[in-house]
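Here is a short briefing to read alongside the model. Have a look at the structure first, then follow the points below.

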Amino acid sequence: MATSLRCFRHLPSLLCRSSFAVARALPPAPAGCGHGVHLTLLARQLATKKAKGKGQSQTRVNISAALVEDIINLEETNEEMQAVVEALKEDFSRNISVRTSAGALDHIIVVTKDGKFPLNQLGQISQKSPQLILVNMTSFPESTAAATKAIRDCGMNLNPEVDGTVIRVPIPKVTREHRENLAKLAKQSTNKSKDALRKVRSKSINQVKKFKNKVSEDTIWLLEKQIQQMTDSAAAEMDKLLAAKTKELLG
């Protein structure tokens, strides 16, 4: 029995206290079932068993980051995922709005022969009137054509007009079609953010799997579940942001 317990030495430190309470309430190991095997089964039941009652969620794994810091930095993983969520918030605020402002054009990326630059680094952007934005390209006149193309292709339904080194950008009327196009852009942006989120998840899972020959199978399994929980939480936050933005755009 002592040998079996040593094989699962990671489990007590990884499972939260509430899990131990549930474990004490579970039945003893079946006859013929080794104590170590029973511990494995209990751990997996605790991590996956659904709470009774309609609308209640699954029991969550809660691993102390300090206990697994030699395997993976969970806090860093969470920060990377939250950074993706924050980038989506910023994109919604800056680029997907019914009212187009001068600031919405600042970070449109312009592809030039010298590289890629935000529009506000190449031209002076100003709001001439509620219906017109001007982009003065006097400092970089050779990039006027590239800037015009970038504005036209940015997805904000803009049709810029060139007047020498000045780009005139009429602000489109807020039509139902325009609102629907913005809602589609919001959905596309959310999908791209979820792709970025999955990349963070895959990188973290791969990091954990590097230790599969150094720590117990259940340590790896619990860590993977913790990372998946973090991913699901961030994705759910993105869905809420999309729902709110869609309601704002379409009513």
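The protein exposes about 15,100 Å², and carbon and sulfur atoms supply 51% of that area (Shrake-Rupley method, 1.4 Å probe). Please keep in mind that this is a predicted model, where local features need pLDDT of at least 70, side-chain atom pairs count only at pLDDT 80 or more, and totals for chains, interfaces and linings use all residues. Residues are numbered from 1 along each chain as its sequence is written, and side-chain values use heavy atoms, with hydrogens and water left out.

**Overall fold**
- Nine helices and six strands make up the secondary structure, taken as DSSP runs (helices H or I, at least four residues; strands E, at least two).
- Of the 251 residues, 35% count as buried, meaning under 20% relative accessible area with a 1.4 Å probe, protein chains only.
- Among contacts (heavy atoms within 4.5 Å) between residues at least 6 apart in sequence, 64% join residues at least 24 apart.

**Lysine 245**
- Helix α9 (residues 217-250) holds lysine 245.
- With a relative accessible area of 8%, lysine 245 is buried.
- Leaving aside residues up to four places away in sequence, lysine 245 touches Phe92, Ile96 and Ala186.
- A polar atom of the lysine 245 side chain lies 2.9 Å from the backbone oxygen of isoleucine 96.

Definitions and conventions:
Buried means under 20% relative accessible area, exposed over 50%, partly exposed in between (1.4 Å probe, protein chains only). A polar contact is a pair of N or O atoms within 3.5 Å; within protein, one must be able to donate a hydrogen and the other to accept it, and residues adjacent in sequence count only if both atoms are side-chain atoms.
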